[in-house]
Protein chains: 2
Amino acid sequence: MDIQHAILGILSWQPLSGYDLKKIISESDLFYWSGNNNQIYYSLVELHKAELITQEIQHQESLPTKKKYTITEKGRAELRKWTLANPDLPELRNNFLIQLAWADQLSQPEMDDLLGRYEDEIEIQLRMRQARQQAGYQNNASDGTARAKFFWKKIFENILAAYQHELDWIREVRRELRDVNFPDEI
Amino acid sequence: MDIQHAILGILSWQPLSGYDLKKIISESDLFYWSGNNNQIYYSLVELHKAELITQEIQHQESLPTKKKYTITEKGRAELRKWTLANPDLPELRNNFLIQLAWADQLSQPEMDDLLGRYEDEIEIQLRMRQARQQAGYQNNASDGTARAKFFWKKIFENILAAYQHELDWIREVRRELRDVNFPDEI
DNA sequence: CTTGTCATGTAAGAGGTTACATGATTCG
DNA sequence: CGAATCATGTAACCTCTTACATGACAAG
């Protein structure tokens with residue numbers, strides 16, 4: 001899996017410019033990349049070279065010229081092939097867990113402050129994503145089949161659940177820490 | 001958060017060589033890096049330059065010479081400072097979700113095969129980690145305080161739960177897909 | 001006699017990030 | 001009058017990965 005396939009997939013919904021793709025990717029919860037120019041504009045050049053997309057230059061009055069990219073038949077075939085490929089494992093990289101591994105050096109108030117900051121940050125992320133989904137913001141499959149809608153729903157349930165589980169976990173950690181008295185507490 | 005702090009943290013438990021660190025990191029579920037030489041040996045040079053660790057060359061009979069690294073007081077201060085730093089968000093990057101976003105093109109058998117492969121892979125990962133934890137393999141805090149043990153337990157609960165939730169999710173997706181008949185199924 | 005362990009190190013490259021550069025238009 | 005939007009592109013850099021290189025010894 002790489003961003004080129006994601007771009008190819010987005011272009012399979014509709015022809016778009018690099019700028020459009022940048023916005024979609026940077027505002028998306030699913031497409032987790034930052035949406036930086038370097039990567040997107042370079043990917044488009046590469047996809048074009050490989051004849052998976054075509055480029056159409058559109059001159060606009062009072063706005064900059066833009067390049068609209070359209071997926072080709074070869075591109076659709078590549079996308080289908082990739083969709084069938086062996087799934088990657090999710091990347092579970094939680095630096096906070098590593099930080100916690102040495103948190104025992106901290107005093108009780110420092111610790112509680114640290115855990116509290118993490119809880120707050122996770123909650124903000126969860127609320128943000130919940131709001132975005134309620135606004136129907138990312139529902140690119142609204143015009144798809146019933147099955148496509150089902151998958152779309154499951155994808156976003158997965159993302160929200162991950163944040164919800166993390167929030168539940170940190171709250172449980174804090175609750176236990178309050179309730180249990182450790183004899184060697186600093 | 002970066003691997004240098006993780007290395008510093010591991011060295012706060014006991015003095016180790018680069019080779020030892022490589023093994024610990026590559027076999028760990030918590031320290032998610034690959035454990036490649038380039039990163040570890042380079043980090044040790046940098047930590048040494050910054051006087052956060054000291055180096056002791058140990059000649060061994062019938063084995064290669066090794067370099068044992070010990071954390072300094074300055075290193076411990078840096079570790080403590082970092083432990084208090086603002087927590088990073090977990091990196092939730094699941095390429096499989098992106099793959100699913102275009103899975104509607106697939107036929108029912110292709111789809112079921114794809115979802116099945118993902119379920120199998122997640123289950124393998126979960127079982128592997130469960131086994132490692134049952135073997136007490138990663139319990140570096142076995143000699144720590146009661147509070148340190150509590151954190152260690154919570155850290156590994158978090159990691160296992162992430163895989164368990166992913167497994168539950170994919171099973172639920174497959175169950176619903178079997179039970180619901182989509183009118184536009186291919 | 002080949003594979004694995006101990007032990008250090010380097011090279012090359014993929015993938016990703018922030019920041020810079022340009023320039024017209026529109027909105028507050 | 002300054003900031004945001006539209007739109008493309010480049011430069012510099014960081015992190016991390018795989019693979020290569022060396023060499024002795026132990027075990028199957």
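Visitor: What makes two strands count as a pair?
Guide: Two strands pair if DSSP finds at least two bridges between them. Strands (E, at least two residues) and helices (H or I, at least four) are DSSP runs, numbered from the N terminus. One case here joins strand 4 (residues 91–93) of chain A to strand 4 of chain B, antiparallel, by three bridges.

Visitor: What kind of model is this, and how are residues and chains labelled?
Guide: This is a predicted model, in which local features need pLDDT of at least 70 and side-chain atom pairs count only at pLDDT 80 or more, while totals for chains, interfaces and linings use all residues. Side-chain values use heavy atoms, without hydrogens and water, residues are numbered from 1 along each chain as its sequence is written, and chains are lettered from A and ligands numbered from 1 in the order in which they are written.

Visitor: Which residue of chain B stands opposite E91(A)?
Guide: Look at strand 4 of chain A and strand 4 of chain B, which run antiparallel. The residue opposite E91(A) lies in strand 4 of chain B and is R93(B).

Visitor: How much area is buried between chain B and chain A?
Guide: Buried area is the accessible area (1.4 Å probe) that two parts lose on being put together, summed over both. Carbon and sulfur atoms give 62% of it here. The total is about 7500 Å².

Visitor: Which three residues supply more of the area that chain B buries against chain A than any other three?
Guide: Together the three supply 12% of that area. They are R93(B), W102(B) and R147(B).

Visitor: How many residues of chain B are in contact with chain A?
Guide: Contact means heavy atoms within 4.5 Å. On the chain A side, 73 residues take part. On the chain B side, the number is 73.

Visitor: How many salt bridges are there between chain B and chain A?
Guide: A salt bridge is a side-chain nitrogen of Lys or Arg within 4 Å of a carboxyl oxygen of Asp or Glu. R80(A) and E110(B) meet in one, at 2.5 Å, N to O. Over all chains the structure holds 38. Between chain B and chain A the count is six.

Visitor: Which element gives the largest share of the side of chain B that touches chain A?
Guide: Elements giving two or more residues to that side include helix 1 (3–11), helix 6 (108–134) and helix 7 (146–179) of chain B. The largest share is 19 residues. Its source is helix 7 of chain B.

Visitor: In what order do the three strands of the open sheet in chain A stand?
Guide: Two bridges join strand 1 of chain A to strand 3 (residues 63–71) of chain A. Seven bridges join strand 2 of chain A to strand 3 of chain A. Strand 1 (16–17) and strand 2 (53–60) of chain A each have a single partner strand, so one side of each is left without a neighbour in the sheet. The order is 1-3-2.

Visitor: At what angle does helix 1 of chain A run to strand 3 of chain A?
Guide: Axes are lines fitted to C-alpha atoms, for helices over the stretch in contact, and angles run from 0 to 180 degrees between N-to-C directions. Helix 1 (residues 3–13) of chain A lies across strand 1, strand 2 and strand 3 of chain A. Its angle to strand 3 of chain A is about 95°.

Visitor: Which residue in the turn of the chain B hairpin has a positive phi?
Guide: Strand 2 and strand 3 of chain B pair in the antiparallel sense over seven bridges. Two residues lie between these strands. The one with a positive phi, about 60°, is S62(B).
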